[in-house]
Amino acid sequence: MLELKPIINALLRSKVGAVLAILQLALTLAIVSNSLSIISERVTYLNKPTGYPEESIITFSVMSFDDKIDANQQLIVDERILKSIPGVIEAVGVSSVPLSGGGSNSGFSLTPEDDGKHTNSGHLYANEQVIRTLGVKLIEGRDFTSGDVLISSEYAKQPDVVIASKAFTDEIFGEGKGLGETIYYGGGPLKVVGIVERMTNAWPRFKNADRLIIFPMVNANGFQDFLVRTDPSLRDEVMKKIESAMLQENPSRVITGIKGLDDVKGKYNSKDLLMLRMLLVLITALVVVTALGIFGLTQFNISKRTKQIGTRRALGARKSAIVRYFVVENLIVCAIGLVLGTVATVFLGQKLMSLYSVPPLEVSYILITALGLIVLCIASVIFPAKKAANISPSIATRSV
Amino acid sequence: MFAHYLDLAWRSLKATPLATSLMALAIAIGIGVTMVSLSVYHMMSADPIPSKSSKLYAVQLQVMDEGQTYHSADDIPFQLTFLDAKNLYQTLNIDKKVAMFKSGFAVHVNNPEVSPMLQTTRLITREFFAMFELSFLYGGVWSQSQADNAAPVAVIDETIAQKLFGRSDVVGESIYLAQRRYQVVGVTKEWQPNVKMYDLNNGAFADAERIFIPFSHAAAYEIDTWGNTNGWKREEINNFTDKMNSEMLWTQFWVELENEKEQQALETQLDNYIQSQQDLGRFNRKTREFSLRNVTEWLEYNNVVSEDNKVMIGLSFMFLAVCLANILGLLLAKFLKRAPDVGVRRALGASKTQVFYQHLVEVALLGFMGGVIGIVFAQLGLWGIRKTSHVYESLATMDVSMLLAAPSIAIVTCILAGLYPAWIVCKTSPAIYLKVQ
């Protein structure tokens, strides 16, 4: 029933149009499925939980220029000021801000000897309020007590205990172990008293992003980062009050970078977000252009065969037969395009992978895109084909 | 004749508004997308200092022990130790050299009406201004003896001067960096290279510093870095003096070389320096490694243009190819439809060349229209990029060369797409159509 032979003959006679459509489809498949693969990798990365209630945390920095002030003492005063702002749940001075791209990262080992076997982890210093301020979930052990906290301005001193993320303890001690064990940093022992289910360090994009160790230690200087956890609905209010509250107590300093932890993360991830948006725009535009192209080519094919269609109709062909003819023709073109496209897609995927750090292309993306393109092909042929079916048989008898 | 063809082309385009808009739209979208990624690429890869990019060299030394690796392509650390920067500045026999690092202060003028601000500050040696082509509006650089005595002198740029004093001519005025009073000895013109090539450690596209103070202040006033500090060795560090004498990496060192001869001379000196340090127990690798990279090589080595951007460029051009195939098809359709007209024209004496030429004028016009609309799309896209992050504010823009490139690429693309259809249509034999008429 399918007029395959005449269709193929007709296609072979006007090759250029078909070749162009095939080329477009193949390229579209290659671009869209590779883009989808990159997009999905970025979306997974951007949506990965950090362990923090980012929407209820505020961060900012303070730079003091009065060197007569005892920085460690000032830190305690500042935390008290912040906690007195209505809506603030907890506040803490930290040595660096998670998710910000800036912080400390070092090797920790299982033995005091520096035998070169290190497990890398991000680490930060803060007092006993840090776990509550970060809003992370302690799954084993205990929180810091004020007795754990070492307040010192000597570089080389180190506290006795730490709290680590599960990703770190799993990595260095093995799955599920680590509580009560000792790790060594610069030769000094640190006992793991608590394990947090999940907390991300300063570099979410890195491989060891989930490894973070917190030292109960304060070594404040003129420059200090703060974290403030608030009731999420009151966060904007609190944000507005921070600067004046801090400056009222001690005006010899500058308060900068007051923003939400979600914004900090957004800034760190801006490159990924940009790539995501650009690729989305690209594939949307590409789909529109390809649809327009196939629509245009079908239209042209039909207008070229007006007389032929009229003749067929005059000889008794049903309207549905005419529509079917064009749909089948289009599907043949589509199929060839997709087969060629799959080859191009795999090639492009491999090329991208060899040159850049993109993930390997999964077959599912090719299938999804191919399916989408088939739907697109049918959709863009239906309208012109229906129009063609309406061509009056009398057209066959006219000369032009 | 060209004007006549242009007129014919315009009429032809007007006669088929739907097809014309479809084609113009396709080319415009293609150009829009391509120009967005090209513009960002162009701005990211633009030479930040064209007159000097082959003369200014970043110096790197392989200070790490055997077996230690660094996350650079050749394992050599990006930065130098403070010790090496200081030593090289003192020992290298070369006029144009600069040791530096980034720091920052709360800056104020002891005037309650001007609120203090946090400003990054660069500690540099005097040669910085001439080497990186900063120009002075007022005053000039501090003297060597001022640097040697760690005199509290500073150079600021005009925007800082405006913010603090409301005017630019502020030579002789005092500013405070934290608690220390500095005398302004020079005011520079605003200077923002598109890439912060002299210090890529904290964002290649970060703002340049606007306050400069002598490098000697680091030791004199214990000024710590605001940039990255990379340690590779376990060291006992209890105070700032320990840090200055440590193997931690946190300074930058650049030289300006006029020719090959100067470069060779410097290489010998660097090798000698490492040798002299080896006697003191440092640089204990078997081979003495260092490297000199000029600005262009330095940006390449540091991967300033991101991978994402290169992927985007590639995909955009593939996208443009789809648009090209698309337009080719539509043009073919349109031109063949007009074959009867062409037949008549040919019969009336138009040559094949004339018909061919006329059709190419038409596609070029189409390309021009698409290119102009494409610029609008591109601007829209760039606006979207600027909205994504503040980082892209100066990068996601089109300069004049890109504005001109857009219609050019569009026209070339369209002509490429139009060659085949125009060729087909000019081959039209007059006889067929005359017969039917």
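Guide: A cavity is a set of grid points where a 1.4 Å probe fits but cannot get out, and its lining residues have an atom within 4 Å of a point. The model to which we apply this is a predicted one.

Visitor: What makes A:Lys271 and B:Val40 lining residues of the second largest cavity?

Guide: Lining requires an atom within 4 Å of a cavity point, and the residues that line the second largest cavity include A:Lys271, A:Leu274, A:Met275 and A:Met278 from chain A, along with B:Val40, B:Met44, B:Ser306 and B:Asp308 from chain B. This cavity has a volume of about 110 Å³, and α8 of chain A together with α2 (17-45) and α11 (307-337) of chain B each supply at least two residues of its lining. The largest share, 4 residues, comes from α8(A).

Visitor: How do you know what class of residue surrounds the second largest cavity?

Guide: Met and Val count as nonpolar, whereas Asp and Lys count as charged, and on that basis the lining of the second largest cavity divides into 8 nonpolar, 2 polar and 2 charged residues.

Visitor: Which elements supply the lining of the largest cavity?

Guide: The largest cavity has a volume of about 170 Å³, and of the 17 residues that line it, the closest to its centre are A:Ala21, A:Leu297, A:Asn301, A:Asn330 and A:Val333. In chain A, α2 (15-47), α8 (270-304) and α10 (319-355) each supply at least two residues of this lining, with the largest share, 5 residues, coming from α8(A).

Visitor: What is the area buried between chain A and chain B?

Guide: The size of an interface is often given as the accessible area lost when the parts come together. Between chain A and chain B that area is about 4,500 Å², of which carbon and sulfur atoms give 76%. In chain A, A:Phe65, A:Tyr155 and A:Tyr356 lose the most area to chain B, together 14% of what that side buries.

Key. Residues numbered from 1 in each chain as written. Chains lettered and ligands numbered in written order. Predicted model: local features only at pLDDT ≥ 70, side-chain atom pairs only at ≥ 80, totals over all residues. Heavy atoms only, no water. 1 Å grid on protein atoms, 1.4 Å probe; cavity = no way out; pocket = protein on both sides within 12 Å on 5 of 7 lines; lining within 4 Å. Points joined across faces, edges and corners; volume = space filled by probe spheres on them. Buried area = accessible area lost by both parts, 1.4 Å probe.
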